[in-house]
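I am opening a notebook on this structure. My entries go from one look-up to the next.

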Amino acid sequence: MRKLLIAGNWKMNLTLAKSVDLASGLKKNFPADTSAQVALIPTFVHLPAVHQIIQDTPMALGAQDVYFEKPGAFTGEVSTEMLREIGVQYVLVGHSERRHILGEADPLLNKKLRAVIAEGLTAILCVGETLDQRKAGRTQAVVGEQLNNDLAQVSGEAIAAGHLVIAYEPVWAIGTGLTATPTQAQEVHAFIRGQLSRLFGAALADQIQIQYGGSAKKANAAELLAQPDIDGLLVGGASLIVEEFLGMVRAATGVKKSA
Ligand code: PEP
């Protein structure tokens with residue numbers, strides 16, 4: 001059985017006091033009976049404060065980015081070791097804002113992803129097409145190429161140990177209020193699972209959680225999570241509101257995915 005993973009990407013939002021408030025609010029109201037895995041992904045500089053609040057809860061800590069090199073002369077960067085040391089378990093790799101605003105390309109993302117896995121952390125690899133690519137009928141070509149390139153030289157052992165999560169995030173749905181329909185999302189998720197099966201074999205592909213991201217919210221969570229290959233949500237805007245985020249955690253409770 002694949003567990004569901006609901007992760008909140010807080011992006012470059014919130015003051016330190018507001019991050020603390022949000023983490024505290026989530027902790028206070030966290031549903032005791034949830035079967036879903038939950039991760040909070042604040043900005044780097046708020047990680048220690050958020051970790052302190054959630055360390056004795058079922059919520060895990062994630063980082064939005066990382067650099068692939070070992071500690072050294074890389075001004076402004078953060079290593080996998082530094083993240084692990086402060087309690088980080090998940091690291092986003094290839095979020096569309098890093099691909100499209102900051103210009104990160106597949107060869108760099110592959111290095112980051114392998115460094116995250118080598119550190120014993122779990123990479124959440126984000127893939128997805130732009131609106132122009134979708135309109136041109138290139139969704140599968142784009143997502144397939146991202147998977148091929150970003151997952152090069154990743155071992156089956158790393159997958160078996162749970163170090164890889166995929167997030168399908170159509171770029172046109174991120175922060176726009178447009179959500180892929182459950183059918184549109186499931187179609188791409190099934191394609192992704194097929195590609196993972198080609199790369200790692202069917203048994204391992206069945207173990208990998210594939211999240212959907214793109215204007216997910218409490219109101220659309222249940223119908224997205226009802227799709228057979230949607231194993232959780234990566235949430236931006238709605239993760240900044242306690243009731244919205246916990247509504248998605250509640251929607252994931254009791255949903256089971258056969259592997
Ligand atoms: C994201 O940034 O990963 C995301 C899905 O954002 P939003 O939920 O705001 O569309």
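I began with E97, which is partly exposed, at a relative accessible area of 26%. For such calls I use a 1.4 Å probe on protein chains only: buried is under 20% relative accessible area, exposed is over 50%, and partly exposed is in between. The model is predicted, so I note its limits: local features need pLDDT of at least 70, side-chain atom pairs count only at pLDDT 80 or more, and totals for chains, interfaces and linings use all residues. Residues are numbered from 1 along each chain as its sequence is written, and side-chain values use heavy atoms, with hydrogens and water left out.

**Entry: salt bridges**

I searched the whole structure and got 15 salt bridges. The rule asks for a side-chain nitrogen of Lys or Arg within 4 Å of a carboxyl oxygen of Asp or Glu.

Which residue forms a salt bridge with E97? K11 does, and the closest N and O atoms are 2.8 Å apart. This pair links distant parts of the chain, 86 residues apart. K11 sits in the loop between β1 (5-9) and α1 (16-29), while E97 belongs to helix α4 (residues 96-100). I take helices (H or I, at least four residues) and strands (E, at least two) as DSSP runs, numbered from the N terminus. Is K11 buried or exposed? K11 is buried, with a relative accessible area of 17%.

Next I looked up K112. Its salt bridge is with D65, and the closest N and O atoms are 2.7 Å apart. Here too the pair links distant parts of the chain, 47 residues apart. K112 is in helix α5 (residues 106-118), and D65 is in the loop between β3 (59-63) and α3 (80-85). K112 is buried at 2% relative accessible area. D65 counts as buried as well, at 7% relative accessibility.

Then I checked E243. This residue forms a salt bridge with K218, with 3.6 Å between the closest N and O atoms. E243 lies in helix α12 (residues 242-252) and K218 in helix α11 (residues 218-225), so the pair ties together parts that are 25 residues apart in sequence. E243 is partly exposed, with a relative accessible area of 39%. K218 is partly exposed too, at 37%. I also found a network: R2, R193, D229 and D231 are joined by salt bridges that share partners.

**Entry: the ligand**

How many residues surround the ligand? I get 14, and the closest are K11, H95, E169, G175 and S215. By class, the shell has four nonpolar, eight polar and two charged residues. In this scheme Ala, Val, Leu, Ile, Met, Phe, Trp, Tyr, Cys and Pro are nonpolar, Asp, Glu, Lys and Arg are charged, and the others, Gly among them, are polar.

I then looked at distances to ligand oxygen atoms. An N or O atom in the side chain of K11 is 2.5 Å from one. For G175, a backbone N or O atom lies 2.6 Å from a ligand oxygen. For S215, a polar backbone atom is 2.8 Å from a ligand oxygen. How much of the ligand does the protein bury? Taken alone, the ligand exposes 290 Å², and the protein buries 96% of that. Accessible areas come from the Shrake-Rupley method with a 1.4 Å probe; for residues, only the protein chains shown count as cover.

**Entry: backbone angles**

Most residues other than glycine have a negative phi. K11 is not a glycine, yet its phi is positive, about 50 degrees. S215 also has a positive phi, near 55 degrees, and is a residue other than glycine. S215 is in the loop between β7 (209-213) and α11. At 18% relative accessibility, S215 counts as buried.

**Entry: aromatic rings**

I counted three aromatic pairs. Rings of Phe, Tyr and Trp (its six-membered ring) pair if their centres lie within 6.5 Å; planes under 30 degrees apart are stacked, over 60 edge-to-face, and the rest tilted. Why is the pair of Y67 and F68 tilted? Their planes are at 45 degrees, with ring centres 4.7 Å apart, so the pair is tilted. Ring pairs link Y67, F68 and F74 into a cluster. Y67 counts as buried, at 19% relative accessibility.

**Entry: N220**

Last, I looked up N220, found in helix α11. N220 is buried, with a relative accessible area of 7%. N220 and L5 are 215 residues apart along the chain, and their C-alpha atoms are separated by 16 Å.

Definitions and conventions. Near = heavy atom within 4 Å. Polar contact = N/O pair within 3.5 Å; in protein donor to acceptor, adjacent residues only side chain to side chain.
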